[in-house]
Amino acid sequence: MRKTLLITGASAGIGAATARMAARQNYDLALNYRSDHAGVAAVARDCESADARVILCPADVAQPDDIDNMFAQIDAEFGQLDAMVNNAGVVDQIARVTDLTHDRLRRMFDINVIGAILVAKETVLRMQAQGTGGAIVNVSSAAARLGSANTFVDYAASKAAIDTFTKGLSDEVAGDNIRVNAVRPGIIDTALHGKAGEANRADRLGPTAPLQRAGTAQEVADAILYLLSDQASYITGTTLDVTGGR
Ligand code: NAP
């Protein structure tokens, strides 16, 4: 029987790789994105080629009304939600703490933290009502451990909030057989780094990891799909580093 999976930020990078792999593992997919219509359309085509049923859910996770509309769409079109990957996230230009602005901090925390928590809340409400359990994976970052001094301490702090949220939520909903875990990617070769103003960051920093290379979106997707799967049925409240040893 096919399960339904919502992935936020599914138009590129880690979210897109997770969607393509989930389709091959018998998930039907609600693919959230904010602006990259062409990107998500290409992901959807690939997923449909793997026989997945796909709905596209444009929504800015920083906008509570968008989140409500997205879940109303999922309710109407799937009527079931078995799994969710809280992947949408942003960095910002490389900066020191002394250069951070209120606008930047609001955007970062609205998307990476408040959006993720609200998406998890709506997911849990549906899973509890269904009474069939479920699985959630939050996408954190190794930055949560490392602090990202001189680059984006605000981003690191937002991901540390996700680690703590993962533990707290997992304890709250374990009695409903809803498992909540996180992955902490290290340096992964996606377009994210260009959005922080350094497109070749993965090439530059990848070799500094113990495994001496950047990771791929596919390698993070593998970890996410494992944590969603029945193979991880006794794993909850944990955070899995996908960092090449970093
Ligand atoms: P990416 O290639 O830049 O993709 C980001 C995705 O998030 C896109 O689909 C984007 O959609 C979506 N998104 C951004 N803001 C959104 C919003 N407000 N509402 C809805 N969707 C939004 O980044 P990535 O590298 O795959 O990163 C995915 C996750 O992994 C993020 O949470 C990131 O922090 C985390 N991570 C990445 C790395 C890395 O090295 N790449 C390392 C650690 C953690 P649109 O383009 O359609 O707007």
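The entries below take the helix pairs in turn and then the cavity and the pockets.

**Entry on the model.** I note at the start that this is a predicted model, and I read every value below as computed from it.

**Entry on helix 1 and helix 2.** I looked up how helix 1 (13-24) lies against helix 2, which spans residues 37-49. The two pack at an angle of about 15°, and their axes are 8 Å apart. Angles under 35 degrees count as roughly parallel, so helix 1 and helix 2 are roughly parallel to each other. I recorded a right-handed crossing where helix 1 passes helix 2. On the side of helix 1 the contact is made by Ala16, Ala19, Arg20 and Ala23, which meet Ala42, Val43, Asp46 and Cys47 of helix 2. Sorted by class, the residues of this contact are six nonpolar and two charged, with no polar ones.

**Entry on helix 3 and helix 4.** I then turned to helix 3, residues 64-77, whose axis comes within 10 Å of that of helix 4 and crosses it at roughly 30°. This angle makes helix 3 roughly parallel to helix 4, and the crossing of the pair is right-handed. From helix 3 I listed Pro64, Ile67, Asp68, Met70, Phe71 and Asp75, and they meet Gly115, Leu118, Val119, Glu122, Thr123 and Arg126 in helix 4. The residues of this contact divide into six nonpolar, two polar and four charged.

**Entry on helix 4 and helix 6.** Helix 4 (102-130) and helix 6 (153-173) were the next pair I looked up. They pack at an angle of about 15°, with axes 10 Å apart, and are therefore roughly parallel to each other. Helix 4 passes helix 6 in a right-handed crossing. Among the residues that helix 4 brings to this contact are Leu105, Met108, Phe109, Asn112 and Ala116, while those of helix 6 include Tyr155, Lys159, Ile162, Phe165 and Leu169. By class I noted 15 nonpolar, three polar and three charged residues in the contact.

**Entry on the cavity.** How many cavities of 30 Å³ or more are there? The count comes to one, and the volume of the largest cavity is about 40 Å³. Its lining is made of Asn86, Asn87, Ala88, Asn112, Ala116, Val139, Lys159 and Ile162, and helix 4 and helix 6 are the elements that give two or more residues to it. I noted that Asn112 and Ala116 of helix 4, and Lys159 and Ile162 of helix 6, are also listed in the contact of these two helices.

**Entry on the pockets.** Which residues lie nearest the centre of the largest pocket? They are Gly89, Val90, Val91, Thr190 and Leu192, out of 45 lining residues, and the space in this pocket is about 940 Å³. Elements giving two or more residues to its lining include helix 1, strand 2 (27-33), helix 4 and helix 6. By class the lining divides into 21 nonpolar, 15 polar and nine charged residues. For the second largest pocket I wrote down a volume of about 220 Å³. Of its 14 lining residues, Lys3, Gly133, Gly134, Ala135 and Asp230 are closest to the centre, and the lining has four nonpolar, six polar and four charged residues.

Note on methods. Residues are numbered from 1 along each chain as its sequence is written. This is a predicted model: local features need pLDDT of at least 70, side-chain atom pairs count only at pLDDT 80 or more; totals for chains, interfaces and linings use all residues. Side-chain values use heavy atoms; hydrogens and water are left out. On a 1 Å grid over the protein atoms alone, a cavity is a set of points where a 1.4 Å probe fits but cannot get out, and a pocket is an open set with protein on both sides within 12 Å along at least five of seven lines; lining residues have an atom within 4 Å of a point. Grid points are joined across faces, edges and corners, and a volume is the space filled by probe spheres set on the points. Helices (H or I, at least four residues) and strands (E, at least two) are DSSP runs, numbered from the N terminus. Axes are lines fitted to C-alpha atoms, for helices over the stretch in contact, and angles run from 0 to 180 degrees between N-to-C directions. Angles under 35 degrees count as roughly parallel, over 145 as roughly antiparallel, 65 to 115 as roughly perpendicular and the rest as oblique. A crossing is left-handed if the near helix is turned anticlockwise from the far one by less than a right angle, and right-handed if clockwise. Contact means heavy atoms within 4.5 Å. Ala, Val, Leu, Ile, Met, Phe, Trp, Tyr, Cys and Pro count as nonpolar, Asp, Glu, Lys and Arg as charged, and the others, Gly among them, as polar.
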